[in-house]
Amino acid sequence: MGTPARCKRRRVNVCKAKTASQEAAERVGEDESSRTMCFFDQHRFACGDWKWGHFRQHCNREYRTGETCGMKLIMQTVPVSQKCKLCDKIDTKQRRRSAEEDRINRWKREGGKFRASIDRSYDMIRSLDKEIYDLRSERMRKLQAV
């Protein structure tokens, strides 16, 4: 009689192990991304750039309030009709550069009496060109970092 009790106990353990494996199989069937990443909004600008928006939902890895696991998924994309800050800065500097060119052309038409102002405007255009180049390089770095 001692042997059947041992078998009975072993069957219970086997059944419990089977239940645990069934639970694991059910977990594998879930959407994998919903268990391993946190969800955020994404803001897409008119220029094509984007930025992360508000936090929306925790994943199962992170249980602390206010903390995220560090991996991000997009919950929803919010279109923004404006350009990003970098593109706004680039546009502003290009307008300033264009205005300096217009001033130089006007001074040249009026005669050679504004030589110092023309030289100063050329220096301003060179510095604006450098700033525009730096801003475009930063924008490309941001796009390639993704």
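## Basis of the model

The structure is a predicted model, in which local features need pLDDT of at least 70 and side-chain atom pairs count only at pLDDT 80 or more, while totals for chains, interfaces and linings use all residues. Residues are numbered from 1 along each chain as its sequence is written, and side-chain values use heavy atoms, with hydrogens and water left out.

## Overall fold

The chain contains 4 helices and 3 strands, where helices (H or I, at least four residues) and strands (E, at least two) are DSSP runs numbered from the N terminus. Read from the N terminus on, the elements follow the order α-α-β-β-β-α-α.

Of the 146 residues of the chain, 18% count as buried, a term that stands for under 20% relative accessible area, with exposed meaning over 50% and partly exposed in between (1.4 Å probe, protein chains only). Among contacts between residues at least 6 apart in sequence, 58% join residues at least 24 apart; a contact here means heavy atoms within 4.5 Å.

The 3 strands form an open sheet in the order 2-1-3, with mixed pairing, and two strands are taken to pair if DSSP finds at least two bridges between them. Strand 2 and strand 3 (72-79) are the edge strands, each pairing on one side only. From one strand to the next the twist averages 30 degrees, with axes fitted as lines to C-alpha atoms (for helices over the stretch in contact) and angles running from 0 to 180 degrees between N-to-C directions.

Strand 1 (residues 38-44) runs parallel to strand 3 and is joined to it by 7 bridges, and arginine 44 stands opposite proline 79 in strand 3. With strand 2, in contrast, strand 1 pairs in the antiparallel sense over 5 bridges, and phenylalanine 40 has phenylalanine 55 of strand 2 as its bridge partner. Strand 1 and strand 2 form a hairpin with 5 residues between them, and glycine 48 in the turn has a positive phi of about 105 degrees.

Isoleucine 90 is placed in helix 3 and counts as buried because its relative accessibility is 7%; beyond four places in sequence, isoleucine 90 touches Ile132, Leu135 and Arg136. Isoleucine 90 and arginine 139 are 49 residues apart in sequence, yet their C-alpha atoms are 10.0 Å apart in space. Lysine 93, also in helix 3 (residues 85-110), is buried, with a relative accessible area of 18%, and touches Leu128, Glu131, Ile132 and Leu135 when residues up to four places away are not counted.

Serine 121 lies in helix 4 (residues 115-145) and counts as buried because its relative accessibility is 4%. Leaving aside neighbours within four places in sequence, serine 121 is in contact with Glu100, Ile104 and Trp107.

## The largest pocket

The lining of the largest pocket consists of Phe45, Asp49, Trp50, Lys51, Cys84, Lys85, Leu86 and Lys142, a pocket being, on a 1 Å grid over the protein atoms alone, an open set of points where a 1.4 Å probe fits, with protein on both sides within 12 Å along at least five of seven lines, and lining residues having an atom within 4 Å of a point. Strand 2 (50-57) and helix 3 each supply at least two residues of this lining.
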